[in-house]
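Trainee: I'd like to zoom in on one part of this model with you. Could you take it slowly and spell out the cut-offs as you go?

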Amino acid sequence: MNISIIEALMAHFRYWVNFLKMLVILNKTYEYFFKLLIQILRCEFPIDSVLKNKNHLLLGSFNAVFLVAHSQRIPNIKYDVKMDIVTITSSEFPYKEIKFHGGVNNGDIIYGFLDGDYAKLPVREKTVIDIGANIGDTPIYFTLHGANRVIGIEPYPKNYELAIKNVLTNEFSDKIMMILAGCSSKMGQIIIDPEYESNIESQLKNSTSGESIPLLTLEDILKKYNVENGSILKMDCEGCEYDVILHSSDEILKRFSHIQIEYHSGYKNLKEKLERCGFKIKVSPPVATDVINTIFQFFQNYFNTKEDKEINSTSKRRHKIKYCGFIYAVREDKVNFK
């Protein structure tokens, strides 16, 4: 599990606390709450939902369900479900509205953008390598917080197209460079279906047919884009962090002053590698993910007919419990933990 038994137990405890909190928020937002929950677990999207104010919304993903529910408590966020656009205003960037095309059904705007998941990273006047840039939400976040340059790496064509659109819409093309590529320990290619509807939990896997997308190493990125020593690395790539970090040389990793990684299968091997490279580490406690979905899927498959199981295996995402959190690494000569 890459975490201790005690950490695993606490990770499940945190999951159920978060799950109950989510149920409360959904219940406050939507009518016919229990029916909505069953539809979510069955992945019966799009879902015709009814808000407490009796408005009907056709929600195409859990990300949309989550964003609509949480936006009720955040006054500076607006959404257009039909157009799949999220608009944010904030005192941190006065006189400017930030628009995210694709932000209703994708992106991590609530946690990543508004709840400050990356607030510790001192990006001001720095270059940021953003591995897993998705729809451009985190590159735009870093730019708004003073980054001189952001190089966003995103392998999914639809996400990449949305990221380009968001960068242009918000007039940040002078600061943000989006690259259609994946990150790996070795240079190569991967086949991705350009019509694949990826999300914030999509793992990078070969498709049987589609578009050939380049795979770049950290060393390739540093050299090709003349990345300065002391730059910042952010990684949220749904599992590629292990391949990339564990197989990168100490010299390459030491080129970064700060590294923040969202880990998805525990953290011990990543922590040990970075500590050997001379980084001081802080790790957020792991939280189990996909627990209720995995349990629901198990019982659903158990009672399904053989034909239903074959349909589910090809048409729906397979759930697996993971242990997620953040690693925040600071090069020893830059240590300034608060």
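Trainee: Leaving aside its neighbours within four places in sequence, which residues is Arg-14 in contact with?

Mentor: Quick ground rules first. This is a predicted model, so local features need pLDDT of at least 70 and side-chain atom pairs count only at pLDDT 80 or more, while totals for chains, interfaces and linings use all residues. Numbering starts from 1 along each chain as its sequence is written, and side-chain values use heavy atoms, with hydrogens and water left out.

Now, your residue. Neighbours within four places aside, Arg-14 is in contact with Glu-7, Pro-285, Pro-286 and Val-287, where contact means heavy atoms within 4.5 Å. Arg-14 itself sits in helix H1, residues 5-29; helices here are DSSP runs of H or I with at least four residues, strands are E runs of at least two, and both are numbered from the N terminus. The C-alpha atoms of Arg-14 and Ala-288 are separated by 7.3 Å, although the two residues are 274 apart along the chain.

Buried residues make up 51% of the 338 residues, and the chain has twelve helices and 16 strands.

Glu-241 is buried but has no salt bridge, meaning a side-chain nitrogen of Lys or Arg within 4 Å of a carboxyl oxygen of Asp or Glu. The nearest side chain of opposite charge is Lys-322, 8.2 Å away; for charge, Lys and Arg are positive, Asp and Glu negative, and His and the chain ends aren't counted. What the Glu-241 side chain does have is a polar atom 2.8 Å from the backbone nitrogen of Gly-239. Not counting residues up to four places away, Glu-241 touches several others, including Met-235, Tyr-263 and His-264.

One more helix while we're here: H2 covers residues 33-41, and its buried residues are Phe-33, Leu-36, Leu-37, Gln-39, Ile-40 and Leu-41. Just after H2, Cys-43 takes a positive phi of about 55°.

Definitions and conventions:
Buried < 20%, exposed > 50% of the residue type's maximum accessible area, 1.4 Å probe, protein only. Polar contact = N/O pair within 3.5 Å; in protein donor to acceptor, adjacent residues only side chain to side chain.
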